[in-house]
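Dear colleague,

Here is the structure I said I would pass on. My notes on what was found in it follow below.

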Amino acid sequence: MFERSSSVRVVPPVRPRKLAKVPFVELADGRLQGVVSSGSDVARVYVSSITAGTHGLSCSTNNNRPCGGLRGSYPCKHLQSLVAEAVLQYGRERVGRYLKVDAGEDGDLADALNGTKDSAPAAVVFNRFLRHLAYLEVPASPEPLPEMHWFPGGAH
């Protein structure tokens, strides 16, 4: 029997991730997108994304300064980190299928991208990240959170 639900099941990561380098990664809105910490400045983060199919590459700071490492069709180190963490979170096959990239059996998905520089809504992705962070500050309580009412209360 097929059941319909208005919620999405939370998929546990394929392998454990360290959140310091890439604290937020998602497959959403037709892109692999997320937030990547700067390697040189602890106060700076980059909002990076790869558009599925076209492999449009976008990387900028959270205040819209372009990434200096993103040139031409090869992903910068932030995008490479994003892909690597997405593989840990979702699995290589799922990420490759979502992005519509074929890297062969053992090839690197980031190396197989054939994209160009593209603009993406960095503010939208960064706001989603900040919304996720806000839940870390909510005190533990058995009471439901009004904005989370659409999540199921128990197993279905």
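Glu26 lies in strand E1; helices (H or I, at least four residues) and strands (E, at least two) are DSSP runs, numbered from the N terminus. Before going further: this is a predicted model, in which local features need pLDDT of at least 70 and side-chain atom pairs count only at pLDDT 80 or more, while totals for chains, interfaces and linings use all residues. Residues are numbered from 1 along each chain as its sequence is written, and side-chain values use heavy atoms, with hydrogens and water left out.

Glu26 has a relative accessibility of 9% and so counts as buried (buried means under 20% relative accessible area, exposed over 50%, partly exposed in between, with a 1.4 Å probe and protein chains only). Its side chain makes polar contacts with the side chain of Gln33 at 2.8 Å and with that of Arg128 at 3.0 Å. A polar contact is a pair of N or O atoms within 3.5 Å; within protein, one must be able to donate a hydrogen and the other to accept it, and residues adjacent in sequence count only if both atoms are side-chain atoms. Leaving aside neighbours within four places in sequence, Glu26 is also in contact with Arg31, Leu32 and Tyr90, among others (contact means heavy atoms within 4.5 Å).

The sheet comes next. Four strands form an open sheet in the order E1-E2-E3-E4, with antiparallel pairing; two strands pair if DSSP finds at least two bridges between them. Strand E1 (24-28) and E4 stand at the edges with a single partner strand each, so one side of each has no neighbour in the sheet. Direction ignored, neighbouring strands are turned by 15 degrees against each other on average. E2 and E3 are joined by seven bridges, and Gly34 has Ser48 in E3 as its bridge partner.

Helix H4 (residues 122-134) packs on this sheet and touches E1, E2, E3 and E4, its direction making about 120 degrees with that of E1. Axes are lines fitted to C-alpha atoms, for helices over the stretch in contact, and angles run from 0 to 180 degrees between N-to-C directions. H2 lies across E1, E2 and E3 and runs at about 120 degrees to E2.

In helix H2 (residues 92-99), the buried residues are Val95, Gly96 and Leu99. They cover an arc of only 95 degrees around the axis, which puts them on the same side of H2; the arc is that of the directions from the helix axis to the C-beta atoms. Glu93 and Arg97, on the other side of H2, are exposed. The buried residues pack against strand E2 (31-37), strand E3 (45-51), helix H1 (77-90) and helix H3 (109-112).

Last, the aromatic rings. Rings of Phe, Tyr and Trp (its six-membered ring) pair if their centres lie within 6.5 Å; planes under 30 degrees apart count as stacked, over 60 as edge-to-face and the rest as tilted. The count comes to two aromatic pairs. The ring centres of Phe24 and Phe129 are 5.8 Å apart and their planes stand at 45 degrees, so this pair is tilted. Phe24 lies in strand E1 and Phe129 in helix H4, so the pair ties together parts that are 105 residues apart in sequence. Phe126 and Phe129 form a tilted pair, with 5.9 Å centre to centre and 50 degrees between the planes. Ring pairs link Phe24, Phe126 and Phe129 into a cluster.

Regards
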